[in-house]
Amino acid sequence: MLKKRFTSLFLALAMVLGLSGQAFAAEVVETESSNTAADTLYIDGTNYTYEHDYSRDKRTITISNDKNSDIDVIIYDLGSSYLYLNGEIIGTVSSTINVPVGYYSSQADDGWEVLSSDSHKITWAEGTGTAAVLGALAVVLPSLGPVGIAEAIGMGALATLAASSSGGTLDLEISMFHVPPMPPTYRYVWTFTASTGDVYGPYSYMYA
């Protein structure tokens with residue numbers, strides 16, 4: 001129940017802390033299904049549309065653009081942990097769960113309680129383009145979506161990731177602050193450490 005709430009809340013673009021100065025335009029368009037949506041990103045003179053469809057066992061992002069008929073399809077098979085680009089394996093996702101979802105830690109000094117904390121090792125093949133790298137991150141972070149990730153990291157940094165690294169480690173933490181009778185506030189913090197050692201983040205979202 002809580003996981004579904006995260007998904008529906010994150011698909012609506014939340015406030016981003018630490019925005020990059022890189023310029024790009026983004027438009028979010030949601031369909032009727034809470035698990036299916038489309039985002040449009042303007043990158044280097046081209047509009048890229050990310051259509052994402054997530055299920056319990058598989059997450060799919062289809063990337064098209066307004067310059068040509070090229071279409072990239074990224075699939076994250078949760079059962080095998082493989083990442084596919086146009087039917088070929090471009091990487092793997094391995095996760096280490098530090099705090100199981102649903103476990104409430106002792107209340108921290110600032111009042112936040114950790115709901116979940118985990119790490120994901122993500123790899124991609126050399127020469128994978130910027131748009132596909134963004135898709136690979138977004139398919140592992142489905143609640144943020146391509147727009148949220150692009151706004152946080154910045155398009156320049158994403159281009160650097162695609163050109164100079166072969167993946168990295170994504171660390172996530174979800175916390176809750178609750179003072180009855182007010183509704184809970186949730187905080188989502190993530191950091192990406194590239195294979196080059198460069199660290200992007202931490203980036204934080206808060207939502208109620």
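**Exercise 1. State the accessible surface of the protein chain and the share that belongs to carbon and sulfur atoms.**

Solution. The accessible surface comes to about 10,400 Å². Carbon and sulfur atoms hold 52% of this surface. Areas come from the Shrake-Rupley method with a 1.4 Å probe, and for residues only the protein chains shown count as cover. The model is predicted: local features need pLDDT of at least 70, side-chain atom pairs count only at pLDDT 80 or more, and totals for chains, interfaces and linings use all residues. Residues are numbered from 1 along each chain as its sequence is written, and side-chain values use heavy atoms, with hydrogens and water left out.

**Exercise 2. Find what share of the residues in the protein chain is buried, and which residues have the most contacts inside the largest nonpolar core.**

Solution. Step one: of the 208 residues, 44% are buried (under 20% relative accessible area; exposed is over 50%, partly exposed in between; 1.4 Å probe, protein chains only). Step two: the largest nonpolar core has 49 residues, a core being a set of buried Ala, Val, Leu, Ile, Met, Phe, Trp, Tyr and Cys residues joined through side-chain atoms within 4.5 Å. Ile149, Ile153, Tyr188, Trp190 and Phe192 have the most contacts inside this core. Step three: helix H2 supplies the largest share of the core, 9 residues.

**Exercise 3. Explain why helices H2 and H3 count as largely enclosed.**

Solution. The chain has 4 helices and 11 strands (DSSP runs numbered from the N terminus: helices are H or I with at least four residues, strands are E with at least two). In H2 (residues 130–140), 10 of the 11 residues are buried, so the rest of the structure largely encloses this helix. Among them are Leu134, Gly135 and Leu137. In H3 (residues 145–153), 8 of the 9 residues are buried, so H3 is also largely enclosed. The buried residues of H3 include Pro146, Ile149 and Ile153. Just after H3, Gly154 takes a positive phi of about 95°.

**Exercise 4. Describe the hairpin of S3 and S4 and the hairpin of S10 and S11.**

Solution. Strands pair if DSSP finds at least two bridges between them. S3 (residues 46–54) and S4 (residues 58–65) pair in the antiparallel sense over 7 bridges, with 3 residues between them. His52 has Ile61 in S4 as its bridge partner. S10 and S11 also pair in the antiparallel sense over 7 bridges, and their hairpin has 4 residues between the strands. Within this hairpin, Gly197 takes a positive phi near 100°. The bridge partner of Tyr188 is Tyr205 in S11.

**Exercise 5. Classify the aromatic pairs Tyr82–Tyr84 and Trp190–Tyr203.**

Solution. Rings of Phe, Tyr and Trp (its six-membered ring) pair if their centres lie within 6.5 Å; planes under 30 degrees apart count as stacked, over 60 as edge-to-face and the rest as tilted. The whole structure has 4 aromatic pairs. Tyr82 and Tyr84 have ring centres 6.3 Å apart and planes at 75°, so their pair is edge-to-face. Tyr82 is partly exposed at 33% relative accessibility, and Tyr84 is partly exposed at 23%. Trp190 and Tyr203 have ring centres 4.8 Å apart and planes at 45°, so their pair is tilted. Trp190 lies in S10 (residues 185–194) and Tyr203 in S11 (residues 199–207), so the pair ties together parts 13 residues apart in sequence. Trp190 is buried at 1% relative accessibility, and Tyr203 is buried at 8%.
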